[in-house]
Structure formats: C-alpha cells, structure tokens
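Try each task before reading its solution.

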Amino acid sequence: NTLPAFEVLQAMASVLPGQGRQFEFQHRLANGSLRDVTVSASIIQVEDRTVLHTIIHDITDRKRAEKELAESQHATMNILEDLAETNKKLQGSMNEIEAKSRDLQRSEGFLKNTGQMAKVGGWELDLVTKRVSWTEETYRIHEIDIGTPLSLDVGLNYYAPESRPIISEAVRKAFEMGESFD
C-alpha cells in the first residue's frame, strides 16, 4: 500500500457495520512495482468476532485502458475540430468559386450576346494538339453546324484568298517562335 499508515487506518475506520465501502489506490507489490487496485471492505461477524473483510482487485489494466481511451477520444476530438475548421474553409472557398463561376457565366453570356449582335466571332488554335476551336458566332457566320470539328486548313480556307498567306505566316510564327497574333 502506498498510503501513509494513518490514511489506511482512517479508511478502515470509515467502514461501518452493515455498509460496505470501496476504495481505489495504488498498491506496491513485493517486487516494488505499483498496481492500481480497488479494495472492497466491509465489517462482518465471524462466529463471535467482528472482522474487517477486504477483497483487493487489480484494476491496473482497466485504468491503463481508460487512460488510452481518454487520450484517443481527445485526439479524435482534435481531429474532428480540425476537420470542422477545414470544412468551414472549404465551404468558403466553394462559395467563392461558385460566385466566380456565376460571374464567368454572366460574362460569357454577355460576350456571346455582344458577338451575335455585332456578328463578330473568334477562333483559337491549340499549338500542342493543333485543335481548332471556334466560337458559336463564328460557326453561324460561316453557316456551319455548331460543334462541327474543323482542321486548321479548313478554317484558313474561310479567309479571303489575299489574306490567307498573311494568316498562314502568322500561324507558322506561332508554331515556330510562340508569337501570338490577332
């Protein structure tokens, strides 16, 4: 027992006849190691003697498991708090992205309507894939079904014959030297 003798006597004296008591403390084994124990004590009558009856139960493993569980719960709560904070940040980012997406859609719609009214279209060429993309208005201007796949050669044929060499040269410089053109 690791308690001072007067505390042990005090605990024993607190046990009343007919009422059991339980105590929890550390018990030192003969080899010096400490074990957590529960002591159940009661006063009983054995023939003509009144005795203090005790049962000592080793709860070291249970206490260790309770401590590990508490630590695990604490770590889990920290993780959940971190996740909640991350979720809050992600929600804020998603709201920003959604707002920017709406702005972009409005802007694209405005640009599309402006192009239709002015009968102005545009096209671009991906220098890596050599894929040509036209705006919807460019398809309309040339009276081609929107989305019809086009090659660079087909697209260049829509320019006036005198403009084709200028556009071809500009495309060549874009391929070879990375120069942009309007």
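This is a predicted model: local features need pLDDT of at least 70, side-chain atom pairs count only at pLDDT 80 or more; totals for chains, interfaces and linings use all residues.

**Exercise 1. A ring pair**

Is tyrosine 158 buried, partly exposed or exposed, going by its relative accessibility?

Residues are numbered from 1 along each chain as its sequence is written, and side-chain values use heavy atoms, with hydrogens and water left out.

*Solution.* Step one: recall the classes, where buried means under 20% relative accessible area, exposed over 50%, and partly exposed in between (1.4 Å probe, protein chains only). Step two: tyrosine 158 has 37% relative accessibility, so it counts as partly exposed.

*Solution.* Rings of Phe, Tyr and Trp (its six-membered ring) pair if their centres lie within 6.5 Å; planes under 30 degrees apart are stacked, over 60 edge-to-face, and the rest tilted. The structure holds three aromatic pairs. In one of them, tryptophan 134 and tyrosine 158 sit 5.5 Å centre to centre with 75° between the planes, an edge-to-face arrangement. This pair links distant parts of the chain, 24 residues apart: tryptophan 134 belongs to strand β5 and tyrosine 158 to the loop between α4 and α5. Helices (H or I, at least four residues) and strands (E, at least two) are DSSP runs numbered from the N terminus. Ring pairs also bring in Tyr139, giving a cluster of Trp134, Tyr139 and Tyr158.

**Exercise 2. The core**

*Solution.* A nonpolar core is a set of buried Ala, Val, Leu, Ile, Met, Phe, Trp, Tyr and Cys residues joined through side-chain atoms within 4.5 Å. The largest one has ten residues, including Leu125, Trp134, Leu150 and Val171. At least two residues of this core come from each of β5 (132-134), α4 (152-156) and α5 (164-177). Apart from it there is another core, of six residues, with Val15, Phe23, Val39 and Ala41 among them.

Next, pick out the contacts (heavy atoms within 4.5 Å) of leucine 150. Setting aside neighbours within four places in sequence, leucine 150 touches Val132, Trp134, Tyr139 and Ile144.

**Exercise 3. The sheet**

Work out the strand order and what packs against the sheet.

*Solution.* Two strands pair if DSSP finds at least two bridges between them. Three strands form an open sheet, ordered β1-β2-β3 with antiparallel pairing. β1 (21-28) and β3 (49-58) are the edge strands, each pairing on one side only. The average twist from one strand to the next is 35°. Eight bridges join β1 to β2 (residues 34-46), and glutamate 24 has threonine 38 as its bridge partner in β2. Helix α2 (residues 60-118) packs on this sheet, touching β1, β2 and β3, and its direction makes about 130° with that of β2. Such angles run from 0 to 180 degrees between N-to-C directions, with axes as lines fitted to C-alpha atoms, for helices over the stretch in contact.

**Exercise 4. Backbone check**

*Solution.* Most residues other than glycine have a negative phi. Glutamate 47 has a positive phi of about 55° although it is not a glycine. Its place is the loop between β2 and β3, and glutamate 47 counts as exposed at 78% relative accessibility.
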